[in-house]
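User: Hi there! Could you walk me through this model, one question at a time?

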Amino acid sequence: MQHGSLFDRFARRVAGFAGHPVAFAGAVLLILGWLVCGPIFGYSNTWQLVINTATTIVTFVMVFVIQNTQNRDGEAIQIKVDELIRAIDG
């Protein structure tokens, strides 16, 4: 059985984890922690830069992970449609 490339395996794991409720809870906790730190750091530019940089990096990486999962889903659907067409023609 083919396991795919390193990126495919990485994308599968990240997509599986990102869709899990624990990941959502972790994201909410991180945001709440960032909000609590606001008054401590005086709502400084650095405090704002931390969340902006973190969300930009996560968004950038997730674009590629989501595209990978979409490509795999599209390929799987195409294979199923091809099988149905062959079964009907036969």
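Analyst: Happy to. One term to begin with: a residue is called buried when its relative accessible area is under 20%, and exposed when that area is over 50%. Please keep in mind that this is a predicted model.

User: Which residues of α3 are buried?

Analyst: Helix α3 covers residues 45-89. What covers its buried residues includes α1 (6-18) and α2 (21-40). With the under 20% cut-off, the buried residues of α3 are Trp47, Ile51, Val65, Asn68 and Thr69.

User: How many helices and strands does the protein chain have, and what is the pattern?

Analyst: Reading along the sequence gives the pattern α-α-α. The count for the protein chain is 3 helices and 0 strands.

User: What span does α3 reach from its first C-alpha to its last?

Analyst: Helix α3 has 45 residues, and at 1.5 Å a residue the expected span is 66 Å. The span in the model is close to that, at 65 Å.

User: Which residues lie nearest the centre of the largest pocket?

Analyst: The volume of the largest pocket is about 600 Å³. Its lining takes at least two residues from each of α1, α2 and α3. Of the 21 lining residues, those nearest the centre are Gly26, Ala27, Leu30, Ala54 and Val58.

User: How many nonpolar, polar and charged residues are in that lining?

Analyst: Gly is classed as polar here, which matters for Gly26, one of the lining residues. By class, the lining of the largest pocket has 17 nonpolar, 4 polar and no charged residues.

User: Is Tyr43 buried, exposed or partly exposed?

Analyst: Tyr43 sits in the loop between α2 and α3. Although Tyr43 is not a glycine, its phi is positive, about 50°. Its relative accessibility is 49%, so Tyr43 counts as partly exposed.

Note on methods:
Residues are numbered from 1 along each chain as its sequence is written. This is a predicted model: local features need pLDDT of at least 70, side-chain atom pairs count only at pLDDT 80 or more; totals for chains, interfaces and linings use all residues. Side-chain values use heavy atoms; hydrogens and water are left out. Helices (H or I, at least four residues) and strands (E, at least two) are DSSP runs, numbered from the N terminus. The expected span of a helix is 1.5 Å times one less than its number of residues. Buried means under 20% relative accessible area, exposed over 50%, partly exposed in between (1.4 Å probe, protein chains only). Contact means heavy atoms within 4.5 Å. On a 1 Å grid over the protein atoms alone, a cavity is a set of points where a 1.4 Å probe fits but cannot get out, and a pocket is an open set with protein on both sides within 12 Å along at least five of seven lines; lining residues have an atom within 4 Å of a point. Grid points are joined across faces, edges and corners, and a volume is the space filled by probe spheres set on the points.
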